[in-house]
Amino acid sequence: MAASVGRPSRVAKLPPRERILDAAEELFQSEGIRRVGVQTIAERAETTKMAIYRHFETKDALVAEWLRIVAAEYQAAFDRVEAEHPGRPGDQILGLARFIAEGLPAISHRGCPFINSIAELPDRSHPARQVIEKHKAHQAHRLVGMCTEAGLRDPEQAAAAITFVLEGAQVSTHNGSIDQAGDRLLGIVEGILAHHRSPLGESRASTDGTARAV
């Protein structure tokens, strides 16, 4: 939901619901979910609390919808790398690593919205927590699929290792413990792929007996 024009002029052109979500995103990211009240969101969105409750039954529902939008952006990254590298799952995985690496500068200032939200929402029955857990499970499933298509030995273990690196890079960038995190992230993911590659090379037999290239 970032934009290239000034926020006031951009927000004025948004429909009411999108204006509320835009304001909520900015405030939740910069100040945290718990610290931001509905009145503050209404003021930032140049609307009223009553208008917010017409679109979102509760603040929790607003938080959950914001995180659905964030999750959709990550899922779109999967779609994008699959479209850019058809039939080359190894390159798709590296494309995902680049997507995370390129987003690290923003993470250094605000942190990962999912990690931040989980820290503020310990109740796993909270609707926003459920959005995050569903998103993470779907993301893990897609990554395991890519590792399987790439012919990696033990694709679930490979996907777990890649996930640890992708998420760990975001935490390390936020707390400032690791420099050149983006470059290091890409190098580590490349190493995981190399470690898990089949001894037969960068392909695996498909069900019809032909080879599928990584």
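Predicted model: local features only at pLDDT ≥ 70, side-chain atom pairs only at ≥ 80, totals over all residues.
Of its 214 residues, 43% count as buried. When contacts in the protein chain between residues at least 6 apart in sequence are considered, 64% of them join residues at least 24 apart.

The largest nonpolar core comprises 56 residues, among which Phe28, Ile41 and Val189 touch the most other members. At least two residues of this core are supplied by each of α2 (16-31), α3 (38-44), α5, α6, α8, α9 and α10 (181-196), and the element that gives the most is α5, with 11 residues. Because residues of this core come both from domain 1 (14-56) and from domain 2 (59-201), the core lies between the two domains. The surroundings of Ile41 can be listed in detail: with residues up to four places away in sequence not counted, Ile41 touches Ile20, Ala23, Ala24, Leu27, Phe28, Val36, Ile52 and Leu62.

Apart from residues up to four places away in sequence, Ile93 touches Leu143, Met146, Cys147, Ile162, Val189 and Leu193. For one of these residues, Cys147, the separation from Ile93 along the chain is 54 residues, whereas the C-alpha atoms of the two are separated by 7.9 Å.

The structure holds 1 cavity of 30 Å³ or more, and the space in the largest cavity amounts to about 180 Å³. The elements that give two or more residues to its lining are α5 (59-84), α6 (89-110), α8 (127-149) and α9 (155-175). In total, 15 residues line the largest cavity, and those that lie nearest its centre are Tyr74, Phe78, Ile100, Gln139 and Leu166. Sorted by class, the lining of the largest cavity consists of 9 nonpolar, 4 polar and 2 charged residues.

Two of the residues named nearest the cavity centre, Tyr74 and Ile100, also occur among the contacts of Gln170, which touches Tyr74, Ile100, Leu104, Ile107 and Cys112 when residues up to four places away in sequence are not counted. Gln170 is found in helix α9 and is buried, with a relative accessible area of 6%. The C-alpha atoms of Gln170 and Ala181 are 8.5 Å apart in space, and these residues are 11 apart in sequence.

With neighbours within four places in sequence left aside, Arg110 is in contact with Glu26, Gln29, Asn116 and His174. The pair formed by Arg110 and Gln29 is 81 residues apart in sequence, while the C-alpha to C-alpha distance is 6.1 Å.

Positive phi values at residues other than glycine were computed at two loop positions, Glu46 and Asp154. Glu46 is found in the loop between α3 and α4 (49-55), and its phi is about 55° although the residue is not a glycine. With a relative accessible area of 60%, Glu46 is exposed. Asp154 is found in the loop between α8 and α9 and has a phi near 50°; at 48% relative accessibility, Asp154 counts as partly exposed, because exposed residues are those over 50%.

Terms used. Residues numbered from 1 in each chain as written. Heavy atoms only, no water. 1 Å grid on protein atoms, 1.4 Å probe; cavity = no way out; pocket = protein on both sides within 12 Å on 5 of 7 lines; lining within 4 Å. Points joined across faces, edges and corners; volume = space filled by probe spheres on them. Helix = DSSP H or I, 4+ residues; strand = E, 2+ residues; numbered from the N terminus. Nonpolar A, V, L, I, M, F, W, Y, C, P; charged D, E, K, R; others polar. Core = buried A, V, L, I, M, F, W, Y, C linked by side-chain atoms within 4.5 Å. Buried < 20%, exposed > 50% of the residue type's maximum accessible area, 1.4 Å probe, protein only. Domains from an automatic or database assignment. Contact = heavy atoms within 4.5 Å.
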